[in-house]
Amino acid sequence: MFKHYNMNQVVLPLDMEMKLDKNDIAYAVNELTESIPDEAFASFSRATGCPAYHPRMMLKIILCAYTQSVFSGRKIESLLKDSVRMMWLAQGYEPSYRTINRFRVHPEVKELLRQCFVQFRCKLVEEKQIEEEAIFIDGTKLEANANKYTFVWKKSVERYSAGLVERSNRMYEELLEKEIIPEIKRESSDELSEQELSSIIERLDETVQAYDEKIESTEDAAARKELRSERKEPKQYRKQFRDFVERKEKYRTDMEIFGNRNSYSKTDHDATFMRMKDDHMKNGQLKAGYNIQVATEGQYALAYDIFPNPTDTRTFIPFLNTIEKHFFELPEYIVADAGYGSEQNYMDVVENRGCTPLITYNQYRKEKKRKFKDDPFNTANWAYDEEAGTFTCPNGRRLWFSHTSSRKDRYGFVRHFKVYECEDCSDCPLRAQCTKAKEGSNRRLYINETWEHQKAYIREKLSEEKTGEIYGKRKIDVEPVFGFLKANLAFTRFSVRGKERVKNEMGFVLMAVNLRKYTAMENGQIPHNQKGKDKKAFDHQKTAIKCFFFHLRLVMSQPHFLLTAYC
């Protein structure tokens, strides 16, 4: 016996909401979008033309599609026809893929996404899923929608530009020596500007035109042939200078696109070439991409920004400015890994923002190792006499204070050093191991007191129980977000071009990650106290492993046990 089934019977359409599960992710998308104030959608209103789809509806369907790992406009259009949750969110409307693509790159969508993150964080605070005690910052690189062979390198452009300047100056001097054109007025003798190159071309045009008139007015074949031969050289020079003008304009445009970067892609000018980690063995290659900075708490992405910098150090301060301006006030603790540890970053967090940085520096782990502490040539281990103000080298000789020094990096930040110099290194038997200074020069030691105080402050904070525990959460808080993004959501490459459009898409993707996690929590798939359980399980496993290796060493130390076991 079967249940009744008849394809020829008319079935009345029902409300699609009846088909959804109790805790379907569509409800979370709908609730989040409905929490955005109506004023945020006012900029999409138009007084003329055909009435547009409501931006609230468009935001819902794109967010829902991204939670299902659907990022193509055409595939989102297909989902609107066969997905129950998409039909319910769109309420029967079926916008085309062109409408969907135009909406998600619209400049005003940036504000809608910001409102999404603000409202979502408020909801997490109300439900006490986050404590607002600390934020965890980290970055990852994602491939841009650009061909990996469309690179343009700044050093190459600078080299070609210098060659063009040298060659154009040489050819101009040749023109004057051969008296092909008269001398022009120049602003600088070092380089010919684009206007001066154009002026040279005009003079060459006049010279070629004069030869053309002579050739037309001359009837003698031999004379005409000679004139054509003389005209050939100015025409060749004119062709070269026209090429110089085009190339000079191109190099100037390239340098404007570079800005502070070292490369860009011809396909997406805002993308920078970075080394990507393509697999678990960290085998990668240079690809056009963006550096994504994310601030998390409770494994939820609460703020984000896009940067062209391949490294994280220079993105830290601009990202904190973005968080304070557009998302929320900074909490007491700011947690990040050693990639963000620098004198400028520590100074900004402590002095300008009044927060506590829980950020390690590059040598933090290495300083704890025995090899580092026992190395006599490591300057950190050299004895310092506070009364005399001197350091003592491994050979027992003193380094006296010499002078102060300052260094300014290319970004304008100034570091101050105290310079100490050894008494005499000429006959030291340890000279080769201690210094690489030239013969006749003594060993110098540069001490940045501000940096040393900051490192001591970080070591003290991370050694405290409370702050050390907060820093210990970093890996299990921010890293899973990138895992969910790339592995679970399968988002590894942008589908739009341009920094502002990429930023919009990144907002959709990160909010999709948040909604998937939030829905899983509500459905009970991820218990709220899962972190504590995982930590206890890990501690138990670690204890068991220690016991196993202890007994293994005990057995291996007694050979007759092995003989008995063999027999």
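Me: Which residue's side chain does a polar contact join to that of Arg 231?
Reply: This is a predicted model, in which local features need pLDDT of at least 70, side-chain atom pairs count only at pLDDT 80 or more, and totals for chains, interfaces and linings use all residues. Residues are numbered from 1 along each chain as its sequence is written, and side-chain values use heavy atoms, without hydrogens and water. A polar contact is a pair of N or O atoms within 3.5 Å; within protein, one must be able to donate a hydrogen and the other to accept it, and residues adjacent in sequence count only if both atoms are side-chain atoms. At 2.5 Å, such a contact joins the side chain of Arg 231 to that of Asp 212.

Me: Is Arg 231 buried or exposed?
Reply: Buried means under 20% relative accessible area, exposed over 50%, and partly exposed in between (1.4 Å probe, protein chains only). Because its relative accessibility is 18%, Arg 231 counts as buried.

Me: Leaving aside neighbours within four places in sequence, which residues is Arg 231 in contact with?
Reply: Contact means heavy atoms within 4.5 Å. With neighbours within four places in sequence set aside, the residues in contact with Arg 231 are Val 208, Tyr 211, Asp 212 and Ile 215.

Me: In which helix does Arg 231 lie?
Reply: Helices (H or I, at least four residues) and strands (E, at least two) are DSSP runs, numbered from the N terminus. The helix that spans residues 221-258 and holds Arg 231 is H9.

Me: How many helices and strands are there in the protein chain?
Reply: Of its 567 residues, 42% count as buried. The protein chain has 13 strands, and its helices number 21.
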